[in-house]
Amino acid sequence: MSKKREYDEEYKVQAVKLAKNIGSAKAASEELQIPVNTLYGWIQKVKTAELDIGCGERSPEEALSIAKENQQLKKRIKALEKENRRLSEMNEFLEEAAAFFAACCQKSGKSSD
């Protein structure tokens, strides 16, 4: 059974840069003696901005993809904040209503004694 090897962030960054410079993830993985699928995973993480390889290293398509994703995430955050405000207001109303009905029940319970 083989032991899973851990790589630090700098190693991953350098491996991805090497693959880009060579133009082949397969050749870079062979040179570095790492599994090609591992390197493909790191390349994918660069495309999704999970792994930062530095300013000016991304292709225009990757940068555009990240910008578009950021824009979508900002919209999603705004929608979630709006929903959070609505739910907070509803929760506050329900707490007030519960307190009102609890007070009414106490008054009606005392008058029947």
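How accessible is Glu83, and does it count as buried, partly exposed or exposed? At 34% relative accessibility, Glu83 counts as partly exposed. This value, like the others reported here, was computed from a predicted model.

The fold was examined at the level of the whole chain. The chain contains four helices and zero strands, and its order along the sequence is α-α-α-α. Of the 113 residues in the chain, 17% are buried. Among contacts between residues at least 6 apart in sequence, 41% join residues at least 24 apart.

The largest nonpolar core comprises 14 residues, and Val16, Leu39, Trp42, Ile43 and Leu51 have the most contacts inside it. Two or more residues of this core come from each of α1 (9-22), α2 (25-32) and α3 (36-47). With neighbours up to four places away in sequence left out, Trp42 touches Tyr7, Tyr11, Lys12, Ala15, Val16, Ile34 and Leu51. Two of these partners, Val16 and Leu51, are themselves listed with Trp42 among the residues with the most contacts inside the core.

Lys12, one of the residues touched by Trp42, was examined separately. Lys12 lies in helix α1 and, at 15% relative accessibility, counts as buried, because the limit for a buried residue is under 20%. Apart from neighbours within four places in sequence, Lys12 is in contact with Tyr7, Trp42 and Leu51. Tyr7 and Leu51 are also touched by Trp42. The side chain of Lys12 meets that of Glu9 in a salt bridge, with an N to O distance of 3.7 Å. Glu9 and Lys12 are three residues apart in helix α1, so about one helical turn separates them. The two partners fall into separate accessibility classes: Glu9, at 47%, is partly exposed, whereas Lys12 is buried.

Ala25, Ala28 and Ser29 are its buried residues. These residues cover an arc of only 100 degrees around the axis, and therefore lie on the same side of α2. The buried residues of α2 pack against α1 and α3. Glu30 and Glu31 are exposed, and are carried on the face of α2 that is turned away from its buried side.

Both ends of α2 show local features. Just after the helix, Gln33 takes a positive phi of about 55 degrees. Lys26 also takes part in a salt bridge with Glu30, in which the closest N and O atoms are 3.0 Å apart. Both residues lie in helix α2, four residues apart, or about one turn of the helix.

Charged pairs were counted over the structure. Side chains of opposite charge can pair when their charged atoms come close. The count comes to three salt bridges. Arg86 and Glu83 are three residues apart in helix α4 (residues 60-111), so they are separated by about one helical turn. Arg86 is partly exposed, with a relative accessible area of 39%. Glu83, the residue with which this passage opened, is likewise partly exposed at 34%.

Cysteine pairing was also checked. A search of the whole structure finds zero disulfides. For Cys104, the closest cysteine sulfur is that of Cys105, at 6.9 Å, which is too far for a bond, because a disulfide requires sulfur atoms within 2.5 Å. Cys105 is likewise in no disulfide, its nearest cysteine sulfur being that of Cys104. Cys104 is partly exposed, with a relative accessible area of 34%, whereas Cys105 is exposed, with a relative accessible area of 52%.

Technical notes: Residues are numbered from 1 along each chain as its sequence is written. This is a predicted model: local features need pLDDT of at least 70, side-chain atom pairs count only at pLDDT 80 or more; totals for chains, interfaces and linings use all residues. Side-chain values use heavy atoms; hydrogens and water are left out. A nonpolar core is a set of buried Ala, Val, Leu, Ile, Met, Phe, Trp, Tyr and Cys residues joined through side-chain atoms within 4.5 Å. Buried means under 20% relative accessible area, exposed over 50%, partly exposed in between (1.4 Å probe, protein chains only). Contact means heavy atoms within 4.5 Å. The arc is that of the directions from the helix axis to the C-beta atoms. A salt bridge is a side-chain nitrogen of Lys or Arg within 4 Å of a carboxyl oxygen of Asp or Glu.
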